[in-house]
Amino acid sequence: SLYYSGLICSLEAIKSGCTAVIDHHASPNYIAGSLATLRKGFLKAGLRGMTCFETTDRNGGTRELQQGVEENIRFAQLIDEAKAKGSERYLVEAHIGAHAPFTVSNAGLEMLAEALRATGRGLHIHAAEDRYDVSHSHDKYGQDLVVRLAEYGLINDKTLLAHGLYLSDEDIRILNEQD
């Protein structure tokens with residue numbers, strides 16, 4: 001089960017000297033409740049973590065994308081409720097997750113922007129890991145990658161943009177402006 005996988009990974013991380021994990025989780029066959037399951041493993045192992053669900057419409061249609069956004073929101077609310085109750089020592093936190101921009105339509109970016117506003121969280125996205133991500137953004141949207149994300153309000157001081165190997169000067173300027 002996902003719980004035991006999360007627990008085993010948590011224990012392996014601890015054995016390797018790691019005390020915190022940032023996870024960009026993807027499980028298209030188990031979306032609803034997957035992040036709460038991972039949280040249980042983190043808490044049982046005593047590992048700090050920040051996790052999110054990798055929202056995408058790469059598997060066809062917007063159903064999975066909508067479910068991913070809903071899971072991110074549900075998990076952020078779970079974390080807020082736990083903090084309000086004082087039931088944990090802030091071991092686990094939430095981000096709003098998205099797969100690479102070339103797998104998220106503009107409709108998906110709108111959903112993610114709403115999730116950020118609703119939860120007060122930042123976006124965790126893998127961007128410009130490959131040149132294709134950049135060329136797709138230019139071809140389909142006529143924009144640099146980060147420019148496109150910023151247009152939807154997805155770049156702020158809570159954003160975690162991973163990889164960024166092929167960012168433009170303009171992309172980097174926007175990221176620096178948003179700290």
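User: Which element of the chain has the lowest mean pLDDT?

Analyst: The chain of this predicted model averages a pLDDT of 92, and 94% of the residues score at least 70. Strand β4 (residues 96-98) has the highest mean among the elements, at 98. The lowest mean, 72, belongs to helix α1 (residues 2-15).

User: Which strands are the edge strands of the open sheet?

Analyst: Three strands form this sheet in the order β1-β2-β3, with parallel pairing. Neighbouring strands are turned by 20° against each other on average, direction ignored. Two strands pair on one side only, and these edge strands are β1 (20-25) and β3 (92-94).

User: What is the bridge partner of Gly 49 in β3?

Analyst: Strand β2 spans residues 48-53 and pairs with β3 in the parallel sense over three bridges. Within β3, the partner of Gly 49 is Val 92.

User: At about what angle does helix α2 run to β2?

Analyst: Helix α2 (residues 34-45) lies across β1, β2 and β3. Helix α3 (residues 63-85) also packs on the sheet, where it touches β2 and β3 and makes about 135° with the direction of β3. For α2 against β2, the angle is about 170°.

User: Are α3 and α4 roughly parallel or antiparallel to each other?

Analyst: The axes of α3 and helix α4 (residues 106-119) come within 10 Å and cross at roughly 10°. Angles under 35 degrees count as roughly parallel. The two helices, α3 and α4, are therefore roughly parallel.

User: How many nonpolar residues has the contact of α3 with α4?

Analyst: Contributors from α3 include Leu 65, Val 69 and Ile 73, while those from α4 include Met 111 and Leu 112. By class, the contact has three polar residues and one charged residue, and the nonpolar residues number seven.

Conventions: Residues are numbered from 1 along each chain as its sequence is written. This is a predicted model: local features need pLDDT of at least 70, side-chain atom pairs count only at pLDDT 80 or more; totals for chains, interfaces and linings use all residues. Side-chain values use heavy atoms; hydrogens and water are left out. Two strands pair if DSSP finds at least two bridges between them. Helices (H or I, at least four residues) and strands (E, at least two) are DSSP runs, numbered from the N terminus. Axes are lines fitted to C-alpha atoms, for helices over the stretch in contact, and angles run from 0 to 180 degrees between N-to-C directions. Contact means heavy atoms within 4.5 Å. pLDDT is the predictor's confidence in each residue, from 0 to 100. Angles under 35 degrees count as roughly parallel, over 145 as roughly antiparallel, 65 to 115 as roughly perpendicular and the rest as oblique. Ala, Val, Leu, Ile, Met, Phe, Trp, Tyr, Cys and Pro count as nonpolar, Asp, Glu, Lys and Arg as charged, and the others, Gly among them, as polar.
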